[in-house]
Amino acid sequence: MQTNMAAFVRSVGLVLRFGQSSHLVNTQGNPVIISKRYVRALKRKPVKLIYPDGKEERLIKTTQTVSRQKEVLHSKESSKDDTEKRFHSRASDLQYNKASKKSNESLFPNNVTLTDALRFEKAQPDDKRLSKLVTIARSRTYREHQGKILLEGRRLICDALAAGAKPQTVFFSSVERLSELPVDKLQRASLVKVKFEEIKKWSELITPQGVIAIFSRPDVHKLEFPKDQQGQTVPLSLICDNIRDPGNLGTILRCAAAAGCDSVLLSKGCVDIWEPKVLRAAMGAHFRIPIIPSLTWEEVSHHLPRDVTVHVADNCSSPVRDVDTESNQVSKPSDYGWVSGRKEKKQHSELDYSESDSEEDSDSDEEVDEVPQVEPKLYHDPWAQRGTALVIGGETHGLSLESLRLAEQTDGRRLYVPLAHGVDSLNSAMAASILLFEGRRQLLKAVERSGRRVRN
């Protein structure tokens, strides 16, 4: 029988080699199988053999085949048991029991996936929550009415979580991006996994980091600022007056945090501190020092220490402006490039605040006749010897008359930085950085002198 089978297989190979349409024949020349039709059948494992004379023979599986199948089945069962053991051990580490698991399954929909101690859901293509990101980012009125802010990037989100800000929704493109955040502080936030293309579509960054979060608008009095920042502060406060350019304001806030200011106060008329451009330029300064926005000048005075001296940053490069002093007319604010001639309005509308320093004043603004007299002083001369506040004005509108009155009442000075011939003024952020670090140097030097006196 073995000889017949070998001859049969050899004949099949010869026929297949010479042509697909040829026939398999026996010794008498009668066709048995058409090769083109039954080539696929020959590749399968036969269960029964039927010989030309009509005899049949069933193939019995060998012991080796049966044992191999048992080994495969046993390996599958063991891997399944190992997976179940790992799952149960992870659940025990996270203190999950069967009751809590059933309750969680009933609370979350089918599209929710469990990863470690967090649950996240996959966003649908028509998820409307993504479109709200643009509204939060661009509308100051919406941010204030809804009490929401938008933070983008791992570092900024981590700084906000470390300061105690409360997250509402976190959008991320991959689990790796989510794992870079402090997971223990995201227990009450809604985690939504979206495609990176969606984040790139709604992000204002050229190269998004793949994580965007919506936070509740923080209350400065409830934030926890870093202890290392508090240990390096000096009695120096910064007052922003009509800073309307987001990039300038963000840079000024960053300089204030680096110089160790104990607080930053913003008058009404400044750009919103939670605008995305301000947040990016500030590099986390919002969560390192207290920043109090939208204050009237009466409220600014209440937030300052009692014995503070308020100085103003002059936008000009010399102590004397080219003003016609020969005439007997009283000088007006418009005669000085660093003073705004507008009165402070009692009621400020949120829609009146521009987002840029480049807008011009309206012609209907009423001017004040007199300018408070504040003596000029070089920035490197001693001016910060005790509690000090510095006022930085916008590049277009300059300092307000209220800030000059406050400086006059506290015996402050008008600080200026001498510039080379032909240069009119400095950028407000650059002037702030020079004056803040000079004030810090003078304050630390005064503390050092007082310490020496005590030791002597």
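Biologist: What do the buried residues of α14 pack against?
Modeller: This is a predicted model. In it, the buried residues of α14 pack against β11, α13 (297–302), β14 and β16 (388–393).

Biologist: Which residues of α14 are the buried ones?
Modeller: Helix α14 covers residues 401–409. Its buried residues are Leu401, Glu402, Ser403, Leu404, Leu406 and Ala407.

Biologist: Where does threonine 309 lie?
Modeller: In strand β14, residues 309–313. β14 is one of the elements that the buried residues of α14 pack against.

Biologist: Is threonine 309 buried or exposed?
Modeller: Buried. Its relative accessibility is 9%, and the cut-off for buried is under 20%.

Biologist: Which side chain does threonine 309 make a polar contact with?
Modeller: Arginine 386. The two side chains are joined by a polar contact of 3.0 Å.

Biologist: What else does threonine 309 touch, leaving out residues up to four places away in sequence?
Modeller: Besides Arg386, there are Gly387, Thr388, Ala389, Thr410, Asp411 and Gly412.

Biologist: Switching to leucine 415. Which strand is that in?
Modeller: β17, residues 414–416. Leucine 415 counts as buried, at 0% relative accessibility.

Biologist: What does leucine 415 touch, not counting residues up to four places away in sequence?
Modeller: His311, Val312, Ala313, Asp314, Lys377, Trp383, Leu390 and Leu435.

Biologist: How far apart are leucine 415 and leucine 390?
Modeller: In sequence, 25 residues. In space, 9.3 Å from C-alpha to C-alpha. Leu390 is still on the list of residues that leucine 415 touches.

Biologist: New topic: aromatics. How many aromatic pairs does a search of the whole structure find?
Modeller: Two. One is phenylalanine 120 with phenylalanine 172. That pair is edge-to-face, with 5.4 Å centre to centre and 80° between the planes.

Biologist: Which strands hold phenylalanine 120 and phenylalanine 172?
Modeller: Phenylalanine 120 is in β6 (residues 118–122), and phenylalanine 172 is in β8 (residues 167–172). The two are 52 residues apart in sequence, so the pair ties together separate parts of the chain. Both phenylalanines are buried.

Biologist: Why is the pair of tryptophan 274 and phenylalanine 287 called tilted?
Modeller: Because the planes are at 40°. The ring centres are 6.0 Å apart.

Biologist: Where are tryptophan 274 and phenylalanine 287 in the chain?
Modeller: In two loops. Tryptophan 274 is in the one between β12 (261–267) and α12 (276–282). Phenylalanine 287 is in the one between α12 and β13 (291–295). They are 13 residues apart.

Biologist: What are the relative accessible areas, starting with tryptophan 274?
Modeller: Tryptophan 274 has 6%, and is buried. Phenylalanine 287 has 2%, and is buried too.

Biologist: You mentioned β12. How many of its residues are buried?
Modeller: Six of the seven, so β12 is largely enclosed by the rest of the structure.

Biologist: In what sense do β11 and β12 pair?
Modeller: Parallel, over five bridges. Strand β11 is residues 234–241. Leucine 238 stands opposite valine 264 in β12.

Biologist: On to α7. Which of its residues are buried?
Modeller: Leu156, Ile157, Cys158, Ala160 and Leu161, in a helix of residues 154–162. Their cover includes β7 (148–152), β8, β10 (211–216) and α12. Just after α7, glycine 164 has a positive phi of about 95°.

Biologist: Now the whole chain. How many helices and strands?
Modeller: 15 helices and 17 strands. Of the 456 residues, 37% are buried. Among contacts with a separation of 6 or more, 76% are between residues 24 or more positions apart.

Biologist: And what is the mean pLDDT of the chain?
Modeller: 76, with 63% of residues at 70 or more. Residues 93–115 are below 50, and that stretch has 23 contacts beyond near neighbours in sequence. Residues 345–365 also stay under 50, with 32 contacts beyond four places in sequence.

Note on methods: Residues numbered from 1 in each chain as written. Heavy atoms only, no water. pLDDT = per-residue confidence, 0-100. Contact = heavy atoms within 4.5 Å. Phe/Tyr/Trp six-rings, centres within 6.5 Å; stacked < 30°, edge-to-face > 60°. Helix = DSSP H or I, 4+ residues; strand = E, 2+ residues; numbered from the N terminus. Buried < 20%, exposed > 50% of the residue type's maximum accessible area, 1.4 Å probe, protein only. Polar contact = N/O pair within 3.5 Å; in protein donor to acceptor, adjacent residues only side chain to side chain. Pairing = 2+ DSSP bridges.
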